[in-house]
Amino acid sequence: MPEDAQARRRTGTGVGLLLALVLGAVLISALPDGDGRDSGDCTPLTVGSWSANDRLTAEFARYGDDGARGDDWTGGDGTHSVRLPDGRLLWLFSDTYLGQVYGPPNPFGESYAWRDTTAPLVRNSAVLMRDGRLESTLPAPLFPDPAPNQWRWPVAARVEPRSPGSYEQVVRVLLWVRTAGQYPWIYGVPTATEVATLSLPDLRVESITTVLDEQRVEDPSRRVLFGTTLVEDGEWTYVFGGDDGRAASRSASSAYVARVPQGGLAEPGAWEYWDGSAWTTGARPRPVLGDGRRTGVGSAFSVVRQDGTYVLLTMAAGTKGLAAVTSYWACSPTGPWHGPEKDFTPSLPSGQVAAYNPQAHLELSGGGRLVLSYDVNWLETAVASAQLNRNVSLYRPRFVTLRLTPAR
């Protein structure tokens, strides 16, 4: 079987990630309304307004449809970004289509740009943007598979000192390692959290370090992968993550948090995990949100800090979680987390599709505005690959601009 065909068979063309995120989002439950609103010394925040960011959405459509090269990004999910010191923006993606895109009509006579079914699918990719315009795709995959039947999905990233106190800067990229598995692990068994170090300005992968190997945790549903989002606060970088509790028939996944001093992301011994009462290097992390029955999060969510308040953005509860985004707030990264606040539903293309992986992009935010991306994929696994090739616009990030206001 060709290599790209094997990749499609074991991943479901990115739908494995979709199922991991959507199932967790659909099953998320709400905390009791209004509990603890007067606790702490921060202001409860929620999404006060939002609007479609058509410019950014169109830029990814333009770049993806450009047929000048056959090794460029044409679609992907797991959207994360980081600003580089020279002003460029590095965009990171998980499962990614490369190959050629052809203008409409497609072979079915529909007015969609399309790609051939033999288009390569890689596990991860990186695209560079300068002054709001996407310019080039780095050689893909950027992060090679660690072993047979394993792969790496990049998540959050930041520029930091090469080591604490160093003047030299590098890019650190958090990676999720997953291993091919049988049902219910159709999106892969959570295996480890790694940190890649990329040199500047050439973005060469210098090293990949395992910071948390979860293979010794016998129950895969209790393994924790960190890096869905990073928050900088003073001398610390707070790293959020989640487990895959829903795969073991628990009703929701849980959120966790670790912290690392500046320059220490690639040093396993520098990581401290919240154990429920203190930061520690020697104990298992304990959840900061989610009880496995009533409350929890999807496996990919985003956290931002505004005026001392932490805001967590994830897909909404119940069936709304296929399309609606909601938020929680807290005065500390360890909680208690309150909410969810009111939902909002960004636009989706027609068809059996779902939104997932809401991610904040602080590099593009400011002036009270918060730019948020969300990914889109086809729900029905058996026909997902055909649908994503039939209409290439489906499997690409979309963007909205939010304003956070005091919750009432």
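Visitor: Which residues have the most contacts inside the largest nonpolar core, and what makes it a nonpolar core?

Guide: In this predicted model, where local features need pLDDT of at least 70, side-chain atom pairs count only at pLDDT 80 or more, and totals for chains, interfaces and linings use all residues, the core has 26 residues, and Leu313, Phe344, Leu370, Leu372 and Leu402 have the most contacts inside it. It is called a nonpolar core because its members are buried Ala, Val, Leu, Ile, Met, Phe, Trp, Tyr or Cys residues joined through side-chain atoms within 4.5 Å, buried being under 20% relative accessible area with a 1.4 Å probe, protein chains only. Residues are numbered from 1 along each chain as its sequence is written, and side-chain values use heavy atoms, with hydrogens and water left out.

Visitor: Which element gives the largest share of this core?

Guide: The largest share, five residues, comes from S24, a strand (a DSSP run of E, at least two residues, numbered from the N terminus).

Visitor: With which residues is Phe344 in contact, leaving aside its neighbours within four places in sequence?

Guide: Phe344 is in contact (heavy atoms within 4.5 Å) with Val47, Trp50, Ala323, Ala324, Val325, Leu372, Val400 and Leu402.

Visitor: Where does Trp176 belong?

Guide: Trp176 belongs to another core, of 22 residues, which lies apart from the largest one and also includes Leu225, Ala258 and Leu265.

Visitor: What part of the protein chain counts as buried?

Guide: Of its 408 residues, 57% count as buried.

Methods
Buried means under 20% relative accessible area, exposed over 50%, partly exposed in between (1.4 Å probe, protein chains only). Helices (H or I, at least four residues) and strands (E, at least two) are DSSP runs, numbered from the N terminus.
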